[in-house]
4 protein chains.
Amino acid sequence: MSINSFGHLFRVTTWGESHGPALGATVDGCPPGVAVDEAALQGWLDARKPGQNKYTTQRREPDAVRILSGVFEGQTTGTPVQLLIENTDQRSKDYGDIKDKFRPGHADITYFQKYGIRDYRGGGRSSARETAARVAAGGLARAALRRLAPAVSISGYMVQMGPHKIDRDRFDADEIARNPFWTPDAVAAADWALYLDGLRKSGNSCGAVIEVVARGVPAGLGAPVYGKLDTDLAAAMMSINAVKGVEIGEGMAAAGLTGEANADEIFLGNDGQPVYSSNHAGGILGGISTGQEVVVRFAVKPTSSILKPRQTITRQGAATEIVTRGRHDPCVGIRAVPVGEAMMACVLLDHLLLHRGQIGDAGGRLG
Amino acid sequence: MSINSFGHLFRVTTWGESHGPALGATVDGCPPGVAVDEAALQGWLDARKPGQNKYTTQRREPDAVRILSGVFEGQTTGTPVQLLIENTDQRSKDYGDIKDKFRPGHADITYFQKYGIRDYRGGGRSSARETAARVAAGGLARAALRRLAPAVSISGYMVQMGPHKIDRDRFDADEIARNPFWTPDAVAAADWALYLDGLRKSGNSCGAVIEVVARGVPAGLGAPVYGKLDTDLAAAMMSINAVKGVEIGEGMAAAGLTGEANADEIFLGNDGQPVYSSNHAGGILGGISTGQEVVVRFAVKPTSSILKPRQTITRQGAATEIVTRGRHDPCVGIRAVPVGEAMMACVLLDHLLLHRGQIGDAGGRLG
Amino acid sequence: MSINSFGHLFRVTTWGESHGPALGATVDGCPPGVAVDEAALQGWLDARKPGQNKYTTQRREPDAVRILSGVFEGQTTGTPVQLLIENTDQRSKDYGDIKDKFRPGHADITYFQKYGIRDYRGGGRSSARETAARVAAGGLARAALRRLAPAVSISGYMVQMGPHKIDRDRFDADEIARNPFWTPDAVAAADWALYLDGLRKSGNSCGAVIEVVARGVPAGLGAPVYGKLDTDLAAAMMSINAVKGVEIGEGMAAAGLTGEANADEIFLGNDGQPVYSSNHAGGILGGISTGQEVVVRFAVKPTSSILKPRQTITRQGAATEIVTRGRHDPCVGIRAVPVGEAMMACVLLDHLLLHRGQIGDAGGRLG
Amino acid sequence: MSINSFGHLFRVTTWGESHGPALGATVDGCPPGVAVDEAALQGWLDARKPGQNKYTTQRREPDAVRILSGVFEGQTTGTPVQLLIENTDQRSKDYGDIKDKFRPGHADITYFQKYGIRDYRGGGRSSARETAARVAAGGLARAALRRLAPAVSISGYMVQMGPHKIDRDRFDADEIARNPFWTPDAVAAADWALYLDGLRKSGNSCGAVIEVVARGVPAGLGAPVYGKLDTDLAAAMMSINAVKGVEIGEGMAAAGLTGEANADEIFLGNDGQPVYSSNHAGGILGGISTGQEVVVRFAVKPTSSILKPRQTITRQGAATEIVTRGRHDPCVGIRAVPVGEAMMACVLLDHLLLHRGQIGDAGGRLG
């Protein structure tokens, strides 16, 4: 990762601020011959789009993505793909009152401390709007995966809202698309709706935990010892706004297990490939994929822009109080679900290309 | 991060296998004029060195570090610093029985799947011995920090062993160096000794959680949106062997908080710098340091090389059972403490240089 | 350099094709607080703009540059700057006849061989239109240099057209802006006009040599041994379309000198800084700037798109003849002058930031 | 290129000073399964080794290379390969008199200006001894090429010494290994011996031009627009000590040609692959290989360490005269021949891996 870029060979650079004319992603290193068009990318963006229900910000952005380069007659050409999304609903006046105040828990103060100047409108570069560019790039990565590794499928969903976790026994993959929280637990969805209504009305907010699973990932992706698949996934997820923790497989809970309990025993499957008794490892051993499901979870902190008055200071150093009116998500974790999926897609494609580059088809096979 | 390198400007590339002639770190981009010698680095390595008590592997490595380049008359010259550690106590015969078997929970199988060839002696490149090179590089980073940012201090310690957490009310910084577990809780240290003795005798192992705190970090380090300080810390920690989760500040628990509870309110300190009512953020907002303590935690899974027999397969695809004799730590988390500190030092120095490069002294000041 | 990006800290990624909707540059790592606006950048682009006289392509592009991000209230914010230039005068029909034919000396065939697909319209990504994005990025680099190193000035000019060299005794810096060839030799300008008229009428083309000089460059920029200032300048210039040779100082002629003749003897100047008896080195020793003028030259091959019929093959493998009608510069070297200046500006700024990052103000001073 | 590293996927970092304990190359990203051992690498190093005849420095270094990692049972494992060469014949006393004086034309002064400290013994990091590490890495690259692209062969030779060029009509590939100058022209070899004897006796030195040709390079290597094959070759060659100019194909002479003369016309060969009427392009169009011979030339300036007294200053700023005794090559260009070959090998392998990573076998084929 290098400032505003990530990825080794499939390299995504995002740019743009919340209230500038546009934002986007410059994607370098995409394989040629990948079938993609604006409509395909738009489908992913629409999932992340704000204003779709009462649980997300009421800012109304069409988030229409345009492909400005690198695609010719419906296929990628192997040259950089520029994905541009215009900002259309910037109400800068909403933010005038925070021009000189720093919101607690927000990047306002650190951007000022770092740069000496900040685009205060809507959080500028630190706004979650940046993630729209990631989703667009992730859509391109998915299109490339469909061509290069068609068995790969990626699914993200919410497993915790505020303190409330799902019940894994009620896990229903079909439920994910049926509720506004992308959760596989219908009962939790109903409970969370009430919980979030209460928070929203009181001007408060909450955090969330999102899980992203990739199936069909070939064994052998990832590279020791700093380009590990889990290292890159951790960086990818931690780079998303408001994320404070990342877990692979058992995650933090791995600390509490014994070696005996944690060992995913290995057997030979009918197809001559290894099968495992369990997946504590989250599909990654020594930084390299095993062929099992790759499982990542990340925690999103509660939205820091809230209506509750909080103590803060001004740029001039005076004590003051702040109430952030604007249009904010009571739980930014909801819209982080498609973002997490997009990051997973980008990381997997990148490692697929890296592996092909260094190894080609020289990997090991049992027998 | 790029395969076997990490860092943007202070760039560390480690190399070497557990049972080859040597391993080491090639460090590029170190500032010139930093006072350092082999003795200074050796101090850090001795802390990580195996065989110091009954809770770590009985392999006896002096881990003597040599500086082969980049230092002249006791100071760095600004050219690459090669840090070399010879392997002297390789008992390859210990590992002969795992030449063709894959240890569950270990990188044996994935290295084979990726490369088609693996140095099976002691885990080869996937061995935790690689972390000796990190500690050496971290020692160099600390020497540079002492010159460039003398207020910075870094402290790592264990906060959980297996399922047993410390009691934060008993936190005593002086205790950390007094017990073999680097824990600040003397009562926990005593309890853990009993717990670990039991595990060791039964041929089992356990995981751990390590916390690393950096004090005196100037505000403004880190860069949006993929070169964030927390992104690079997450990658740095996740790249350590056996790590399965990384947290900044509240970490995964941030999900359970409300925005009101999570907001670190801002006040003006007597020195004209911001002070905060709390540090849920772990010293990082928007990926940029606030000037508060930078707090990172990571979970280490239990050692996978255990004496308990486990089901596995051979390279030829036959079902078999494996018992890993060798000389292994019952809790690799113990030796991960100095490694986590080393990674923190490298990341902070790297971001200090990055910040100086892009910003110089143009950062913002209150008032 | 990494596929479509160049620079270490001031990192420019260009994107876009000749006949797509737009092209541009994504610039990451620009220092904050740099005063810049679209008008300032437009000035540099207008110098490179085609169709200004009969010696350059008659394609009429306004080449209007828009700043989409990273600038707020007239200053850079330190976040990525997106520079976008729309294509408006794409006459794709001009190129229909080369859809399936490969122009000799052109990238048509290699793009096809590499990617299996190519945007044949106007050469796609291989078109010299890409250099407009470089000029825009170079304008930003100049604005940053003005703030960080105001003594730096950059001047490019043509020293050879086809076989005809300038007479260095007639060198007049004021003349450079007065003729369409950016040459400092008024007599050569007149001669070249006749020469180029002849070539143009016969449907032929010619090459050129451009020299770019930077004055006021501080000593100490550049880094051993692969990030040398001359290494990066060589890469920067060789990456420009149609460039086949790059020279620093004496360049290829250095081979013909003796050590005695080539030595730039050193004296102490009145200001306590070193002065040199000569500048055979082109201002760079050991890859690091000396404080003298940095002197780079590069050769541009003759335009390969000519009206002279040439033998070639089709994509299907059939022998054929090709005549490239389109709208092409008889000497692309003319428009390469501002491009070379832009690359010099980007490389110098990048190395200034790199130096500041690693060294700060710890460099050596005489006395 | 990044300070002391070069290459995208096959990434070489060299380290070490002329008079430190050792120097070497850390090579990351080598494909696994490549047969290589120390003897194979030693063969390439012996060609570059000093002291073999009266035309190179009389320093007696065995330049014995050791492989410390990344090779197991005679094959690369895909992990970093550490190549170490010990320095054994350091006569530091030879250099005591230049401790505080700056040699004109040498990096002494710029290293001091940059770093404020320099290892003055033998030029430290700026010594041509660094190129031994390149030759070792190049040997590894050749071994990998033999496996991945066995048709590739690389040949370097000297085409000019001082002002004296070879006669291309006398080009005899077999002659190259028969004379101490690696020149294909036997008559030139005899003339140059006399010329160089004279220079050596008078304490002077001269420059040279080296040409490196790669045959059997597959079409399609290289990537627009900053990762071009010629861009990376230019950087690779310019990074070699004392190089002042780099040319691809016609090089600087391309400026003097017309488009008609410069066009390499295309025909279809009997094997269904394109054949060309000529190779003005040096095997590269649009930055991508055509399948023809890849032809690079570079000029090496005369050795700056000469016995002729030259005016200079001391570190304290006093005027003085300098005579460099030491043991120096009268023409460093001689030993640059194997270095140029090594850089060609590294760049080709790197681009082969990059191409495989992004494109796989999706490249275009005629017909």
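Author: What follows covers the interface of chain C and chain D, and then a sheet built from chain A and chain B.

The model is predicted, so local features are given only at pLDDT of at least 70 and side-chain atom pairs only at pLDDT 80 or more, while totals for chains, interfaces and linings use all residues. Residues are numbered from 1 along each chain as its sequence is written, chains are lettered from A and ligands numbered from 1 in the order in which they are written, and side-chain values use heavy atoms, with hydrogens and water left out.

Chain C brings 112 residues to the contact and chain D brings 113 residues (contact: heavy atoms within 4.5 Å). About 8800 Å² is buried between the two chains, with carbon and sulfur atoms giving 61%; buried area is the accessible area (1.4 Å probe) that two parts lose on being put together, summed over both. On the chain C side, the most area is lost by C:K114, C:Y226 and C:K244, together 11% of what that side buries.

Four salt bridges are counted between chain C and chain D (a side-chain nitrogen of Lys or Arg within 4 Å of a carboxyl oxygen of Asp or Glu). One of them joins C:R310 to D:E265, with the closest N and O atoms 3.7 Å apart. Helix α2 (residues 108–115) of chain C gives the most to the chain C side, with seven residues; helices (H or I, at least four residues) and strands (E, at least two) are DSSP runs, numbered from the N terminus.

Strands also meet here: β11 (residues 243–248) of chain C pairs with β11 (residues 243–248) of chain D in the antiparallel sense over three bridges (pairing requires at least two DSSP bridges). In this pair C:E247 stands opposite D:G245.

In chain A and chain B, an open sheet of 10 strands with antiparallel pairing runs β9(A)-β8(A)-β10(A)-β16(A)-β11(A)-β11(B)-β16(B)-β10(B)-β8(B)-β9(B). Its edge strands are β9 (164–165) of chain A and β9 (164–165) of chain B.
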